[in-house]
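Subject: Structure handover

Hello,

Here is the structure I promised to pass on. Please open it alongside these notes.

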Amino acid sequence: MLVSDHVQALLTRERSLLADLQAFLDTQGAPPEAVEHARTAARALDETFLLVVVGEFNAGKSSFVNALLGAQVLPEGVTPTTDRIYVLVHGETPGQMEATRDPFVSRLTYPLPSLEGVALVDTPGTNAIIRHHQALTEGFLPRADLVLFLTSSDRPFTESERQFLSLAARWGRSVIMVVNKADLLETPEQKAQVREFVETGARGVLGLTPPVLLISARAEQRGQPTGQHDPGFHALREVLKMRLSETERTRLKLQGPLNTAAELLTGEDARADAARVTLKEDLTILRDLEGQRERHRESMTGELDGQLNRVARLLAEFEVRADRFIDDKLRFSNIRGLMNPRDMEESFRREAVADLPDAIDRQFGSMIDRFVEANLHFWEDVQAFLIRRQPSSEVARTRFSYDRGALLEGIAGSAREHLELTTEQELGRQLSQDAEDAMKGAVGGLAGGIGIGATLGVLIGASALDFTGGILAGLTLGSLGLFVLPNKRLQAHRQLRAKVAALREALERIVRREYEREQERADARLRDAISPYTRFTEQEQARLAGAQMRAAALRAELDTLKADVVGIG
């Protein structure tokens, strides 16, 4: 490569730009292949000029290369004969094969003075008959300085060739279109039609019209011993002579890595845009989850009102029975019964309390069932949503995608843990425990012998008996004058109403408090689960804003360098 002081300065700037680009891609967590392309682009500045031959496996690439070099360097055949990439360079030893860092790339030497300063690269077919072969060629394309794109006159510019040429255009590679097997075209009109067809197709993909040369590798090989060269080959050699001149070769050598840098920046811009969209959608969904949680809280509060109304009805029915019991028992005609408090208590349990404990238990169990069911459904919805939140293809295999996936999995893990640990029995035990403690305080030493985990129904039943303890205790004939009995009956009604009202109020306060506590615990779990992702989105938004500015600076330097390279004289 021509290395004047001007070119040396451009090389220094380009190496610096590519190093900055590689660091930028590393910092942004770009896919490994993007970082490797940046590294390869920097290395390409120190490599031999690469003239890369591509085309479908049946386009006659190996025959074309042999005809171009005027020697039988590569094997030829009707089946795919190239299963790896061969880099042909000038060397004293014919056919000497050397390994490279890439296990699928071989370096082959041959005494070819025409290759001085140039490496001719033969690649596998591009039409996906063997997928690995096509992947090799596509992966090598960003290293090319100049592409000889070979098609065949009997099948010019196929769909697979159009797709591959699009890839070359994406990487900004300079292309020469070569139509092989031109000897199959019998008239000048047919040749003109094929040339126009290929030119039109290439122009539509590349956005410009590359040189299109019709050649016959077979005619060139047959004529070489006698000096009768194929006219198309003569024209091709003249084009290559111009393209491989010192000045033009230097320009192409510098332009290739810059075009690679442009493609890598474009890819990073696309990934950043996709990340922004993903973050925006995620934040919207997380806000929706919080809103859904609030709606769930309001819904459960509304349901709780209905459940408590049913409890109130049970207590009201108990109050009616207790009133009837007082009216029936606190009478002169029941003097004998009043003299036996134990019998009175047993009658009160049977006639007034009745099935109140079981009914309260059932109602309380129904409340717990509904509460647990609604909470678990909410977390199941959270988990199902997060499982469906797959990243877009643009950010696949980026650090952003991996970090985001880990955080969302953490939220989903919290949902799974909640679903596994929050059981009806556990919540029922917690509520019963809290209710027991609260009611002991509310009623004053109520049911002191009842242990942890006792059901609310037992507490209610014990409380109901306790309400009448003060009323019935001591109501014996010896301590009670007959003339005060009506007054005592009125007092008993008043005490009963006050006690039932206190119980109703205490029970509602306890249940509402426990509902509220559980809702707060659920809200806290949700906040704790999503807070790492909220912080992540804030950090990522800041990173993307900084990356946008850095990418713009790199692109400005890139555009300046491109203009300076074009101006090489």
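At what angle do α5 and α6 pack, and how far apart are their axes? The angle is about 45°, and the axes are 9 Å apart. Axes here are lines fitted to C-alpha atoms, for helices over the stretch in contact, and angles run from 0 to 180 degrees between N-to-C directions. That makes α5 oblique to α6. Oblique is what remains once angles under 35 degrees (roughly parallel), over 145 (roughly antiparallel) and 65 to 115 (roughly perpendicular) are set aside.

Before going on, the ground rules. This is a predicted model: local features need pLDDT of at least 70, side-chain atom pairs count only at pLDDT 80 or more, and totals for chains, interfaces and linings use all residues. Residues are numbered from 1 along each chain as its sequence is written, and side-chain values use heavy atoms, with hydrogens and water left out.

Back to the helix pair. From α5, R162, L165, S166 and A169 meet A202, V205 and L206 of α6. Contact means heavy atoms within 4.5 Å. By class, 5 of the contact residues are nonpolar, 1 is polar and 1 is charged. Nonpolar covers Ala, Val, Leu, Ile, Met, Phe, Trp, Tyr, Cys and Pro; charged covers Asp, Glu, Lys and Arg; the others, Gly among them, are polar.

The chain as a whole

The chain has 16 helices and 8 strands. These are DSSP runs, numbered from the N terminus: helices are H or I with at least four residues, strands E with at least two. Of the 569 residues, 48% are buried. Buried means under 20% relative accessible area, exposed over 50%, and partly exposed in between (1.4 Å probe, protein chains only). Take the contacts between residues at least 6 apart in sequence: 76% of them join residues at least 24 apart.

The cores

A nonpolar core is a set of buried Ala, Val, Leu, Ile, Met, Phe, Trp, Tyr and Cys residues joined through side-chain atoms within 4.5 Å. The largest one has 59 residues, and L165 and M177 have the most contacts inside it. Helix α1 (residues 5-28) gives the largest share, 8 residues. A second, separate core has 33 residues, including A71, V118, L150 and I215.

L165 touches F149, F157, V175, M177, A202, V205 and L206, leaving out residues up to four places away in sequence.

Two positive phi values

Most residues other than glycine have a negative phi. F157 has a positive one, near 55°. F157 sits in the loop between β6 (146-152) and α5 (159-170). At 10% relative accessibility, F157 counts as buried. K181 is the other case, with phi at about 65°. K181 lies in the loop between β7 (175-180) and α6 (188-206). K181 counts as partly exposed, at 25%.

T398 is in the loop between α12 (356-388) and α13 (399-421). T398 is buried at 4%. Beyond its neighbours within four places in sequence, T398 contacts G29, P31 and R271.

L240 is in helix α8 (residues 231-243) and is buried at 7%. With residues up to four places away left out, L240 touches L51, L68, L146, L148 and I176. L240 and L146 are 94 residues apart along the chain, yet their C-alpha atoms are separated by 9.8 Å.

Best wishes
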